[in-house]
Structure formats: C-alpha cells, structure tokens
Amino acid sequence: MRFGDLPLGKRPEGRWSLTADWVVVDTPAGRRLVQGGEVVIEGDRVLHAGGRFGGELQARFDMGAALIAPGFVDLDALSDLDTTLLAHDNWPSERKGRVWPLSYMDRGPYEMYTPDTLVAQKRFAFGQLLLNGITSAAPIASLFYRAWGETVDEFTAAADAAEQMGLRVWLGPAYRSGGMAVDQQGRLSAVFDEARGLQGLQDAIAFAEAMQGRDLVSPMLAPDRVETCTEELLKRTMAAADDLDCPVRLHMAQGQMELQTVQALHGRTAPEWLDGLGCLTPRLLAPHATVATAEDLDRYCDNGVTVVHCPLVSARHGGALRSFAKLRQMGINVAMGTDTAPPDMVLNMAVGMMACRLNDGLESVRSGQMFDAATLGGAKGLKRDDIGVLRAGAKADVAVFDMADSYMAPRIDPVQTLILGATGRVTRATIVDGRLSMRDGDVAGIDIKAARRQVQEQFDGLIAKYPERTLGHPPVEEIFPPTFPLMIGD
C-alpha cells in the first residue's frame, strides 16, 4: 500500500509506521533529532519513535526528504473570519467598525452571522489548522459581530465537526459582561450587563459538563477579554474551572485600549487586578502579554500563568512580546497561538524569532526554543504530557513537513530550515489520534476549496454590513479604502 492510498479520516489497522530523513523524537534525556528515523503508530498511540523499528508491521510508509515531528499545539486558534485583516491599514479602530457606536448599541446589537454560517466558518477554520500541521487547538472568535456571546448550540456543532474532521480541540463558548462603545465625539467607554455575562458563564459550564469524556474534545472556559469582564464574572469563572478541572483562557495585557480601560475602571493593570482577585492561577492561559509591565510578568511567573505568544498578529499591528527570551529566563511557560489567517505556526515561529532578536539580540533565541514553545509549551499549558511530543505512549498526533519543496532555502538542520525557509504550506500530512486528518492539501470531512469560496462570500457579506456598526455610518469605501485608487477595467 502507498501512503496516498490510506483513507482520510480513519485509523489504519494494526501497527504501521512512517519513516523519513529526519524525525524529532522526545527521549528521557530530552528532545533529539533522529536521522533516518521511524515512528510506529498503533491505534491512537505512538508505539515507537526513534531509529528503525525491528518488530512486525502491517505497513511502512517512507516519506523520504521530510521532517516528521509532533503536531503543533495552538492555544489561540482562529475559528471565524479574520476581520483583524481589515484593521491592517485602516484606523483608528473606533472609526472603522472595530468598536460599537452607541447608536448601534441603542438599537440592540444583533447577530451578523446565521447559525449555519457560524458552523461553516468553524469547519473551514479547523481545516486550515490541519493544513498547517496543527493537531491540538483552542479556538478563538471575535464577539464584535455577535449579539453578545457565543452559543452552546454552535459549539456543540463545532465539537461534532472537530471529531468528524480529526482535530483535537479545547472548546467553550465565549461570554462577557460588557463591551466597548464609542459616542458621537469619539470617546470610548465600557458598557456592562452583569446578568448577561453570568448567564453566559452558566451556559458555558453546562457545555463543559456535556463535553466531559468526549474523544477529541475537552472543555475550556473562555471569558472574552479582560476589559469586558467584571470581578464577579472572573471569580465565578475560576471557581467553576476548579470544579470542572479545565483551563481558562483570557486575553489581557494585549493593547492600549484595554490598558487604558482597565486603568480607568480599576486603577491598575489587568494582571495586577486579577492578582488581587486571586484569579491568576496555573489554569490561566493569557494571550498576548505585549503590554505587560515587568511587575505583571512577575505576577505571571509567581502564579504559574501560561503566556500564549501570537507573534504574527502582534507584529502586524506594531506590537511584540518583550520578550520571548525574557519570559523563558524568568521561568514563565510560553505557549504559541496563531490568532489570525492564515493559522501558520511555521510563519509564527519565524516572526517570533525575528521579534525576539530585534528586542534582545541575535543570541537571545534559537530555533529549537521556538519549536518547543509551539509543541511542549502548549501541552504544558493544557496540563498534558501526551501531546506535543513524539515518544512511545504519547498520542499519535504527528505532522509531516516536506523538506524537498522547490521554494525552500538550501537545507541545513531541518528544524532551522523549516523556520527560516518555509511556511506551513510545506505540511504534507497531519495525523491526529492515529487518524490521517490531512494529506497533500485534502482534509478529512470537508471540501476545503469549496469551503474557501463559501467563506469568502460570507466575508463579503459581512463587509457590506460594516456601515451599520461604524461610527457615523460611513459607506464601505470610506471605511476600507483601496490600497491605490480603484479603476474598473473592461
């Protein structure tokens, strides 16, 4: 049997293996790079990872000039349409539909997507993650385009989609007690509805309880952004997470609007506020820390908080973690997230290395440290020792990267070459829980090209609605002017 004959979405029977020119292997002595290595899979587990396997196999597939590695763990994985792309050249955000005007709030915020659209977006996003070698993900979506929070129904459908397509996920509908609004003079303020937030938390708890014991799906609590949360909501969230034994993801220390809002509301930074509430714990996953103070980072370190580093989306908007090397030296666990389109972890590692070296110099970071953050760091944040690794007994979550790609720079060490000379587009195969979830651009359970056309139509429809939720209600062409003056051809 050829590798191309393996059915998508199913586990091969018996013991089977992948061989390649290089394999990243985890050993009791640490992570190693094996030349001419082999990974043996049986069921949902890795049976062997290292040199040639001497036991009986049902099938052996030689991937040739490839790197076999643990699948990436993405703790801030986009699961909707990436509207941050619209903010790339269009600012300020409060005049470009990124903050609700009071006139929109007064009429009543409404859902800008249908239930079917939301499910289609998540399926497409899950497919994109698998195309990029991501095997474990904690999805994230924007609430700017929702009536208030996410729903249990859409996340139940998302859980079903993840299991059908073969993606390991930590899921929980996002909820909040408030949101930012802008008045006619352009002044920003937070508007709260405590009861709505607490009901969102109760719905999220019910969803988490229903997800216990699922195959590829684990629960997570996901309060939206720190400036949209109240003290009561955060305290109840952390107590519920203890009861459910699940992680909590909360975006904070990520931008000037948040910094100014939390300072105005509570007289301190967000990490300082949470520390005073007893809400900084090892359960907490905290993207992005780009405006965290030295004291904030000390609080993260003292309380075992995992920082989720999303270098690409931060750099696109002029921000950077200061710095990856500093956090590692402090002993803070640093995981990785993509948080934008494309969800390209390889590109994120490259940008992360550049940002760190710009901050702290050439010798501040090495390729292996970024690769570890994209695998081991995420696993540690989730309190898992069987993902993000390739060793006997681990989950069979594997990514295969093409090292013979004609666009790649001359090969040296394969991990360095992957980060320096490639993108996620060289991902040849993604295996999750022993199932072949993606091979050569084909994803289990979805026609990814048709889905791409579908979400583009949805994105175009969303842009057409922007004047309704933008200050002053200007036309679309004023909100998002073209890069150059537009001319219409014949």
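**Entry 1: the largest cavity**

I looked up the lining of the largest cavity in this predicted model and found Ser 79, Pro 139, Ile 140, Ala 141, Glu 150, Phe 155, Gly 172, Ala 174, Ala 222 and Arg 249. By class, I recorded six nonpolar, two polar and two charged residues in that lining. The volume of this cavity came to about 40 Å³. I then noted how many cavities of 30 Å³ or more the search of the whole structure returned, and the number was three.

**Entry 2: the largest pocket**

I turned to the open spaces next. The largest pocket holds about 1,300 Å³. I counted 46 lining residues for the largest pocket, with Arg 98, Arg 225, Gln 254, Gly 255 and His 317 lying nearest its centre. The elements that contribute two or more residues to this lining are β11 (178-182), α6 (256-266) and α9 (311-316). Of these, I marked α6 as the source of the largest share, four residues. For the class make-up of the largest pocket, I wrote down 16 nonpolar, 19 polar and 11 charged lining residues.

**Entry 3: the second largest pocket**

For the second largest pocket I noted a volume of about 600 Å³. Its lining consists of 24 residues, and those closest to the centre are Phe 124, Gln 128, Ala 341, Pro 342 and Pro 343. Two or more lining residues come from each of α2 (115-131) and α14 (448-464). I recorded the classes of this lining as 12 nonpolar, seven polar and five charged.

**Entry 4: the chain as a whole**

I listed 15 helices and 22 strands for the chain. The C-alpha trace spans about 70 × 65 × 50 Å along its principal axes. I checked the radius of gyration against the globule rule: a compact globule of 490 residues would have a value near 23 Å, and the chain has 22 Å, so the two agree.

**Entry 5: burial, contacts and surface**

Which share of the 490 residues is buried? I found that buried residues make up 58% of the chain. Among contacts with a separation of 6 or more, I noted that 77% join residues 24 or more positions apart.

Conventions
Residues numbered from 1 in each chain as written. Predicted model: local features only at pLDDT ≥ 70, side-chain atom pairs only at ≥ 80, totals over all residues. Heavy atoms only, no water. 1 Å grid on protein atoms, 1.4 Å probe; cavity = no way out; pocket = protein on both sides within 12 Å on 5 of 7 lines; lining within 4 Å. Points joined across faces, edges and corners; volume = space filled by probe spheres on them. Nonpolar A, V, L, I, M, F, W, Y, C, P; charged D, E, K, R; others polar. Rg over C-alpha atoms; globule rule 2.2 N^0.38 Å. Buried < 20%, exposed > 50% of the residue type's maximum accessible area, 1.4 Å probe, protein only. Contact = heavy atoms within 4.5 Å.
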